Amino acid sequence: MRKMDRLISAISPQWALKRAVARHKLSYFNSGYGNHGASRTKKSLAGWIFSGGSPDEDIIDNLDVLRQRSRDLYMGGASLATGAIKTARTNVVGTGLRLKPAIDAEFLGLSDEQAAELKRQIQREFALWADSNDCDAARMNNFYALQQLAFLSQLMSGDCFALLPLKPRPNSVYDLRIRLIEADRCMTPDKTDGRDIKGGVECDPDGEVVAYWFLNQHPLSKSIKKREWTRVEVYGKRTGRRNVIHLMESERPEQRRGVPILAPVIESLKQLGRYTEAELMAAVVTGMFTVFIKTEVPDAPLGEGVLPNEQWDDNDVDISLGNGAVVGLAPGEDIVTADPSRPNTAFDGFVTSILRQIGSALEIPYELLVKHFTSSYSASRAALLEAWKSFRMRRTWLASDFCQPIYEEWFAEAVAKGRIDAPGFFEDPLIRKAYTQAEWHGPAPGQIDPLKEVAAAKMRIETRLSTHERETAEINGGDFELNVRQLSREQKLLEESGLTIIGGDPNSEKAILESKTDDEQ
């Protein structure tokens with residue numbers, strides 16, 4: 001082969017060059033992927049601009065632009081972006097994820113009555129802190145409004161931070177506070193002193209996140225004077241107490257910062273917004289039907305379509321379009337009209353197709369994205385069920401990464417102050433976990449056909465596939481135990497009043513006897 005190459009090179013250098021180029025191209029076909037997705041010779045892939053880097057290079061280096069564009073879309077750049085983010089916020093958080101203690105009574109040696117009483121005490125004490133604006137370091141929101149704000153900020157900016165300082169206040173039993181910080185303020189300081197800091201996140205040699213660096217003011221603020229950073233350790237060295245919560249959804253290993261939910265569809269949303277505005281303007285122009293009159297008497301025009309203070313120039317004869325306007329033309333002038341063919345009959349179908357693609361990327365079905373259900377019951381329910389797979393995943397993540405850590409810090413303070421009796425809480429991590437186990441329930445998905453949904457829930461309970469507590473939470477987000485106590489009180493009141501018993505079977509023997517008179521019995 002080499003002798004042949006040398007011979008051809010000596011006789012015809014051009015042919016030798018072509019052979020070398022062909023051999024180089026064939027080298028890409030040595031592997032299976034080289035024939036398909038990794039091919040560099042196929043015409044369909046030849047123009048593909050691709051490049052990649054580490055998570056820090058791909059994400060952190062582009063975060064500033066992604067955040068600002070995402071927030072611009074939310075604030076008005078595209079109404080669909082606002083709707084998508086608020087739809088996720090409303091379904092995942094809604095009015096807030098509510099605490100339901102799930103202490104391990106068996107491990108703690110508590111009877112059912114003792115466990116029930118302890119749960120009620122925990123709920124009362126937690127409500128004292130969570131329902132008040134005192135839990136907010138800024139004293140503006142209660143715990144449930146902070147959940148909404150933190151989740152909304154995370155969706156829009158990619159991540160959100162919460163500091164957990166202890167700040168005593170008059171007439172406030174608990175000192176724990178939540179201070180939310182927008183993602184932009186966590187950034188690498190000008191001097192790192194050899195520390196491994198990227199995107200404001202400091203890691204040790206083992207890759208563990210040990211601290212966050214926060215700028216003293218928002219970096220986009222126009223009034224910022226001197227840039228100063230504060231280093232906040234994730235856990236206190238002496239107490240081991242948690243100081244920072246980083247609310248972020250990871251998509252790659254070794255990722256330090258989060259990505260806005262709109263990042264994959266920013267271009268599609270912006271282009272769709274521009275297309276919508278163009279179509280809207282074209283329809284407005286078409287709707288402005290203006291009559292032009294050509295006359296030989298320019299000093300006496302029939303009228304002007306636009307008021308003098310709204311005219312665009314100082315010409316004697318203004319030809320701006322107006323609603324139902326009548327405009328006179330000067331001698332020798334004429335008008336040529338163009339038919340813009342508006343409204344565009346293909347607009348709705350095209351936009352619908354793009355919205356379906358955007359909804360797929362955001363894990364929000366098209367019907368829920370635009371709040372437009374025109375399909376059958378089965379199709380609409382399937383869309384809601386598919387959306388709630390994503391909403392439940394994010395709700396579980398928000399509960400475990402935001403609500404539960406804050407609850408555990410509050411619980412520790414409550415035990416330390418003697419508000420809750422929890423023997424062994426600070427001595428054994430296993431006991432601590434048994435006391436702080438909890439479930440977080442949010443608003444229910446709702447029902448398209450309540451009768452069918454309730455019938456299905458009843459059947460799941462009767463066949464032992466579910467529990468009253470779970471179905472109550474799924475149907476309307478209620479609490480089964482509270483419902484039972486309330487129904488018991490209501491039933492007793494009805495019995496004392498001589499009215500029908502709640503939930504009673506009208507065909508039962510007791511109901512029949514009660515309905516008969518003394519003579520009939």
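How many of the seven residues of β6 are buried? The legends below, drawn from a predicted model, begin with this strand.

**View 1. Strand β6 and its burial.** Five of the seven residues of β6 are buried, so the strand is largely enclosed by the rest of the structure. Strand β6 covers residues 209-215. In a regular strand the side chains alternate between the two faces of the sheet.

**View 2. The open sheet of four strands.** The strands are arranged in the order β4-β5-β6-β7 and pair in the antiparallel sense. The edges of the sheet are formed by β4 (196-198) and β7 (229-233); each has a single partner strand, so one side of each lacks a neighbour in the sheet. On average, neighbouring strands of this sheet are turned by 25° against each other, direction ignored.

**View 3. Pairing of β6 with β7.** Strands β6 and β7 run antiparallel and are joined by five bridges. Within this pairing, L215 is found opposite W229 of β7.

**View 4. The hairpin of β5 and β6.** Strand β5 comprises residues 201-203, and three bridges link it to β6 in the antiparallel sense. Here V201 is placed opposite Y212 of β6. Five residues lie between the two strands of the hairpin, and G207 adopts a positive phi near 90°.

**View 5. Helix α6, a mostly covered helix.** Of the 14 residues in α6, 10 are buried. The buried residues are L80, A81, T82, A84, I85, T87, A88, R89, N91 and V92. An α-helix has 3.6 residues a turn, so residues three or four places apart point the same way.

**View 6. A nonpolar surface patch that includes V284.** Four residues, L280, M281, V284 and V285, make up a nonpolar surface patch of about 360 Å². Of these, V284 belongs to helix α10, which extends over residues 266-287.

Notes
Residues are numbered from 1 along each chain as its sequence is written. This is a predicted model: local features need pLDDT of at least 70, side-chain atom pairs count only at pLDDT 80 or more; totals for chains, interfaces and linings use all residues. Side-chain values use heavy atoms; hydrogens and water are left out. Patches are made of residues with over 30% relative accessible area and no salt bridge: like charges are joined within 9 Å, nonpolar side chains (Val, Leu, Ile, Met, Phe, Trp, Tyr) within 5 Å. Accessible areas come from the Shrake-Rupley method with a 1.4 Å probe; for residues, only the protein chains shown count as cover. A salt bridge is a side-chain nitrogen of Lys or Arg within 4 Å of a carboxyl oxygen of Asp or Glu. Two strands pair if DSSP finds at least two bridges between them. Axes are lines fitted to C-alpha atoms, for helices over the stretch in contact, and angles run from 0 to 180 degrees between N-to-C directions. Buried means under 20% relative accessible area, exposed over 50%, partly exposed in between (1.4 Å probe, protein chains only).
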